[in-house]
Amino acid sequence: MTDLAQNTLDGLFLGSSYALLALGFTLIFGVLRRVNLSFGPAVMFGCYAATWVHLNFGAGLVLLAMVAVLGSILAGAYVERLCFAPHRGGSAIAAMVASFALWMQFEELATIALPRHVYDFPALHGGAPLAFGALTLRVESLVMLLAAVLVCALLWWILYRTRFGVAVRAVIDQPQAAQLAGISVPRIFMLTFALASAIGGLAGFLIASSHEQVTPMLGMWSTMKGLLAMMLGGLGSLPGAVLGGLALGLLEAHSQWFFGPQTRDLIAYALLFILLAARVPWMTTRSAS
Amino acid sequence: MDDYAIGVLTNVGLISFLALSAYLLLIAGEMSFGQQAFFGVGAYAGGMLTAMYGWPLPLAALCAMALGALAQFLVGLPTLRLRGLYFAMATLAAAEMARILFELFHFQRQLEGEPVGPDGTQGFRGIRWVFEHGVEPLGYLGIVYALLALALVAFLLVERSRLGATLRGVGEDPELAASLGVDVNRVKLGVAAAAGALAALGGVLYAHHNTYIEPRNFDIMLGVHSLAYALIGGLGTALGPLVGVVLDIGALEGSRVFHGYRMIVFGGLVALLLIWRPRGLLDERAVQWLRRRFS
């Protein structure tokens with residue numbers, strides 16, 4: 001029983017990191033109707049920038065978080081200019097393959113700047129986990145959950161309470177009508193990308209400091225987990241992204257406990273495959289071509 | 001030719017099969033992130049048949065192709081009605097499942113006191129049919145390119161036929177094709193089976209070229225690369241995917257000029273190329289222009 005509760009708790013925390021990644025993915029997909037495979041690698045770029053600053057200047061955590069977010073925004077802007085702005089209204093496949101090409105660039109750049117396979121990343125807290133009766137809780141996990149809740153609240157406020165948010169929702173629902181109403185669609189694309197990358201950068205910083213390390217695999221890992229969580233929650237829905245992330249985290253924590261890490265991933269992919277093949281209503285309501 | 005050049009050229013040929021299988025699905029309007037799985041199925045099945053059961057390579061290759069075709073047909077049955085990204089994600093999920101199953105796959109036989117066969121994440125070594133039968137690297141290169149030429153001739157014949165027009169019709173506008181009496185789902189299932197067989201053939205040849213395979217060889221990177229090759233080479237002709245593979249593996253790896261910066265150069269070039277030509281270097285327009293020019 002304690003194990004079950006502990007696994008559920010761990011799954012929720014794991015899921016909140018997936019939820020953050022999925023939110024970034026979903027923002028971009030919702031607005032652009034394009035998949036950005038370079039989302040994870042841009043997050044990794046931010047984390048590598050922070051690690052580099054940490055190694056060379058020994059900067060503190062707050063500064064590292066800022067570097068990670070700024071690095072991710074910078075990388076995101078580069079991706080947007082080169083892969084998505086030129087293909088606006090054009091080929092979705094071309095945009096996606098271009099974003100994959102830049103993924104290759106980020107990965108090689110990371111290994112040139114920091115050639116070792118693994119680098120230490122400072123932990124947020126580093127002390128012993130908190131204990132609640134038989135259950136244990138890492139401070140990093142709590143911060144992650146808190147960050148996910150805060151980012152959701154902030155996003156909601158931006159999308160539903162600001163002029164920018166109205167414009168974003170207009171572009172999501174009716175891109176042509178939004179353009180006719182005088183909204184600058186290219187500008188919205190750019191800002192959405194920056195916002196999504198900032199969320200990704202924050203998520204990356206929290207993930208790196210909870211793992212206490214960065215590797216070049218972080219790019220692929222973030223893209224895969226973000227995509228999976230986004231698809232599970234229904235493509236292009238922000239609340240769906242959060243739910244999809246949490247569901248994926250819970251599923252992984254429990255199946256890891258029962259079956260080990262390989263079968264854990266097998267189950268997650270099998271679930272995605274089955275849900276897609278069964279065309280469950282919440283997953284196939286949005287056009288994705 | 002030195003061994004390095006032969007190795008690079010053989011690799012170009014092997015990966016071309018995978019790129020062709022991604023291309024075949026693309027012209028029929030489907031984007032797959034999962035062709036690496038069928039490449040892997042072919043590699044494992046072919047390698048097991050020759051190394052563990054002593055089958056001759058040609059027979060093992062045919063068997064592996066049939067298995068690859070069946071595997072992609074079965075994956076296609078529930079997923080080919082999905083559009084765009086949904087199909088891409090379903091194939092990705094299937095391919096990752098296949099890769100993890102390769103990791104969990106332990107199946108060995110004792111041959112001359114040595115265990116032979118897939119050993120999970122430790123991989124599968126000793127696929128030595130080519131060495132044992134005295135095929136020189138240059139000879140193997142010849143075999144790979146002869147098979148590739150065969151596949152290309154088949155592609156060019158199909159593209160000039162009614163079937164080719166049907167394929168492109170299904171790819172460009174499935175509703176229109178259906179209204180003209182084309183059974184879209186059947187065409188797509190046929191395409192899936194053919195693409196699976198092509199990828200599996202590449203996989204068999206790959207396993208026998210390297211003599212060693214492991215699950216990591218068949219990860220998402222390989223699949224997205226083959227998709228990228230098909231797209232940058234161009235969707236106008238079956239020669240397009242080859243151009244893509246040659247550009248990446250041949251020119252950049254072969255020249256070794258950009259050593260250490262290969263991906264940065266190649267990635268940037270691909271992104272720029274796609275701005276200029278979103279359907280690749282040899283797109284439909286370029287192919288028509290070339291035909292008029294040379295006929």
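Is R279(A) buried, partly exposed or exposed? In this predicted model, in which local features need pLDDT of at least 70 and side-chain atom pairs count only at pLDDT 80 or more, totals for chains, interfaces and linings use all residues. Residues are numbered from 1 along each chain as its sequence is written, and chains are lettered from A and ligands numbered from 1 in the order in which they are written. R279(A) counts as partly exposed because it has 14 C-beta neighbours inside 10 Å; a residue is buried if 20 or more other C-beta atoms lie within 10 Å of its own, exposed if 12 or fewer, and partly exposed in between, with C-beta atoms placed from the backbone. R279(A) is located in the segment that follows α11 (261-277) of chain A. Helices (H or I, at least four residues) and strands (E, at least two) are DSSP runs, numbered from the N terminus. The phi angle of R279(A) is near 50°, a positive value in a residue other than glycine. Most residues other than glycine have a negative phi.

A positive phi near 50° also occurs at E112(B), again a residue other than glycine. E112(B) belongs to the loop that joins β1 (109-111) and β2 (114-116) of chain B. This residue is exposed, because 5 other C-beta atoms lie within 10 Å.

The interface between the chains involves 33 residues of chain B in contact with 33 residues of chain A, two residues being in contact if their C-beta atoms, placed from the backbone, lie within 7 Å. On the side of chain B that touches chain A, at least two residues each are supplied by α3 (57-79), α4 (84-104), α10 (220-233) and α12 (262-276) of chain B. The largest share of that side, twelve residues, is contributed by α4(B). By class, the side of chain B that touches chain A comprises 24 nonpolar, five polar and four charged residues; Ala, Val, Leu, Ile, Met, Phe, Trp, Tyr, Cys and Pro count as nonpolar, Asp, Glu, Lys and Arg as charged, and the others, Gly among them, as polar.

Axes are lines fitted to C-alpha atoms, for helices over the stretch in contact, and angles run from 0 to 180 degrees between N-to-C directions; angles under 35 degrees count as roughly parallel, over 145 as roughly antiparallel, 65 to 115 as roughly perpendicular and the rest as oblique. The crossing of α4(A) and α12(B) is left-handed, a crossing being left-handed if the near helix is turned anticlockwise from the far one by less than a right angle, and right-handed if clockwise. Residues making the contact include V97(A), A98(A) and A101(A) of α4(A) and F266(B), V270(B) and L274(B) of α12(B). The contact of α4(A) with α12(B) contains 13 nonpolar, three polar and two charged residues. V97(A) touches L227(B), A228(B), L231(B) and L274(B), residues up to four places away in sequence not being counted.

V97(A) also features in the largest nonpolar core, which has 196 residues and in which V97(A), A98(A) and A200(B) have the most contacts. Such a core is a set of buried Ala, Val, Leu, Ile, Met, Phe, Trp, Tyr and Cys residues joined through C-beta atoms within 7 Å. Helix α9 (residues 184-210) of chain B gives the most to this core, namely 15 residues. V184(B) is in helix α9 of chain B and counts as partly exposed because it has 18 C-beta neighbours inside 10 Å. Beyond residues up to four places away in sequence, V184(B) touches V170(B), P174(B), A177(B) and A178(B).

Within chain A, helix α1 (residues 2-32) and helix α10 (residues 238-259) pack at an angle of about 145°, with their axes 6 Å apart. The crossing of α1(A) and α10(A) is right-handed, and their contact comprises 15 nonpolar, ten polar and three charged residues. Helix α5 (residues 139-161) of chain A meets helix α6 (residues 163-173) of chain A at about 80°, with axes 5 Å apart, which makes α5(A) roughly perpendicular to α6(A). Five nonpolar, one polar and two charged residues form the contact of α5(A) with α6(A). In helix α2 (residues 39-57) of chain A lies A49(A), which is buried because 23 other C-beta atoms are within 10 Å. A49(A) touches V67(A), A68(A) and G71(A), not counting residues up to four places away in sequence.
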